[in-house]
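User: I am new to this structure and would like to go through it with you. Could you show it to me?
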Amino acid sequence: MAKAKKKAKAKAKAAAKKPARKVVKLAARKPAKKAAAKKANGNGASLPRPSNKPYGQAGKALDGVRILDFTHVQSGPTCTQLLAWFGADVIKVERPGVGDITRGQLVDVKGADSLYFTMLNHNKRSITIDSKHPQGKRVLNELIKKCDVLVENFAPGALDRMGLTWEHINKLNPRMIVASVKGFGPGPYEDCKVYENVAQCAGGSASTTGFRDGPPLVTGAQIGDSGTGLHLALGIVAALYQRNRTGRGQKVLCAMQDGVLNLARVKLRDQQRLQHGPLTEYSQYGEGIPFHDTVPRAGNDSGGGQPGWILKCKGAPEDPNAYIYFITQAPVWGAICDLIGEPAWKTDPEYATPRARLPKLKKIFARIEEWTMTKSKFEVMEICNKVDIPVGPILSMKEIAEEESLRKTGTVVEVDHPKRGKYLTVGNPIKMSDSISEVKRSPLLGEHTDEILSDVLGFKAAEVAEIKNSGALSAPAKEEKAA
Ligand code: COA
């Protein structure tokens, strides 16, 4: 019995070893497959040969991607404008007779779309569709089948109320990515309508902006709207990339509260640092004012470890922008002392180290300001940058509009519009060497309705006439009744 058991064990061992030997043999035969894997990208899909075309002439990054743009106001349009600049065909669906509400907001030229609208909707096509009309639904369903991404920033539930639920869209086109901006993610506020400043307040930005002895402040930069639009664009591009592997679409959601918090993350960092002692780089520390249990407003303190402040230059305060942001970066402390005429501070133990300087920042910046006030902000910029001192002139929007270098890079662009004439806009801030953005004017309301119906959706003339006669693409029935 014992012998038989031993034999059986030995056989089992040998059997167990056999596959291992086979694996080794197979592995040894693999070099050809390995060479193929080298050509593969991160998705395992093989890449085409590098193009021979000159850079900038091999099409655009998102060529071939079609976007069903159901966005309005600022957050969503920022996102789809970026995608259009990268080459996507963006079809903006607008309510007949009205369009995106911003067309008529802050109007400066009578009879022309506002700058609010034109500056957020470049490079797009516009079609008017009443999404609640049966024929409008028919057109939308066809568009869903023909597009890769649907982007929307309606109030919570509005898309579902149009009948465009995720299930409906996914059934019509399982490859479609449905991207949404909402004010809040799932939670107590998910049903709220949200605008820019609501998001700035709910995302932690306002409580940490402004001066300690003043109220919370919102910033001029549209971090809630445009910031979230940027986040959403990244989510869409990532989802398109993943679709190359999975073949299917997915939902992409960016809540404005989350977007703002992401941009204010250094303040959540400071919230946690507070548990371990005062925030020594905040000027409040140097002034001997105790910290409470939440991150305070820090005026113009720098958000990083290098103290900074806004200082007057020649012409201030009469010129409201004759100021410069000055950073007392530790490695250039010696150069700062030489410039402002305090060479002794380089070796004086009261000033020589960043730690020694922290409680005296107010006095130090006052001394630096005595020097900056003798120069224009541009002179300070030139002198300081020569010795690597980081400074930032406070540029007015007028100065930015006139700045030659921004025109050259296409960051500030002049665009011609049939109804308003020439105007300035901000071009694509993301520069790519092989996908170069040209800024084309925003569409007039419904300007491309016909071409989209026939060229994109392939409707025959009789079908186009039927849809048009139904009233689905013209001013809403309610208004017609009223008239
Ligand atoms: N045809 C027919 N109806 C249309 C339409 C079309 N082409 N386009 C929009 N509508 C309807 C919607 O279906 C909705 O109707 P419903 O309420 O009966 O469902 C209605 O227009 C209003 O849409 P809504 O999104 O609620 O607009 P609003 O002006 O009341 O609210 C916001 C504006 C921005 C506050 C809201 O859209 C929102 O909270 N969006 C998400 C957050 C966001 O992006 N905020 C920042 C904007 S910059």
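User: How do the residues of the shell around the ligand divide into nonpolar, polar and charged?
Analyst: The shell around the ligand has 10 nonpolar, six polar and seven charged residues. Here Ala, Val, Leu, Ile, Met, Phe, Trp, Tyr, Cys and Pro count as nonpolar, Asp, Glu, Lys and Arg as charged, and the others, Gly among them, as polar. Please note that this is a predicted model: local features need pLDDT of at least 70, side-chain atom pairs count only at pLDDT 80 or more, and totals for chains, interfaces and linings use all residues. Residues are numbered from 1 along each chain as its sequence is written.

User: Which of the residues around the ligand come nearest?
Analyst: Val73, Asn153, Phe154, Ala155 and Lys193 come nearest, out of 23 residues around the ligand. A residue is near a molecule or strand if its C-beta atom, placed from the backbone, lies within 6 Å of it.

User: S5 is a strand, then. In what order do the six strands of its sheet come?
Analyst: The order is S3-S2-S1-S4-S5-S6, in an open sheet with parallel pairing. Two strands pair if DSSP finds at least two bridges between them. Strand S3 (124–128) and strand S6 (251–255) are at the edges with a single partner strand each, so one side of each has no neighbour in the sheet. From one strand to the next, the twist averages 20°. Axes are lines fitted to C-alpha atoms, for helices over the stretch in contact, and angles run from 0 to 180 degrees between N-to-C directions.

User: How many bridges join S4 to S5?
Analyst: Four bridges join strand S4 (residues 149–152) to strand S5 (residues 177–182). Val149 stands opposite Ile177 in S5.

User: Changing topic: what is the order of the sheet of three strands?
Analyst: That open sheet runs S7-S8-S9 with antiparallel pairing. Strand S7 (308–312) and strand S9 (391–393) are its edge strands, each pairing on one side only. Three bridges join strand S8 (residues 323–327) to S9, and Tyr325 stands opposite Gly392 in S9.

User: Which strands does helix H15 touch?
Analyst: Helix H15 (residues 361–372) packs on this sheet and touches S7 and S8, its direction making about 40° with that of S7. Contact between two residues requires their C-beta atoms, placed from the backbone, to lie within 7 Å. Helix H16 (residues 377–386) lies across S8 and S9 and runs at about 155° to S9.

User: Where is Pro317 found?
Analyst: Pro317 is in the loop between S7 and S8. A cis peptide bond, with omega of about 0°, joins Ala316 and Pro317.

User: What is the phi of Leu106?
Analyst: Leu106 has a positive phi of about 55°, although it is not a glycine. Most residues other than glycine have a negative phi, and most peptide bonds are trans.

User: Finally, what is the mean pLDDT of the chain?
Analyst: The mean is 91, and 89% of the residues reach 70 or more; pLDDT is the predictor's confidence in each residue, from 0 to 100. Over residues 12–38, pLDDT stays under 50, and the model has zero contacts there beyond four places in sequence. Residues 479–483 also stay under 50, with two such contacts beyond four places in sequence. Where pLDDT is low, the predicted coordinates should not be read in detail.

Notes:
Helix = DSSP H or I, 4+ residues; strand = E, 2+ residues; numbered from the N terminus.
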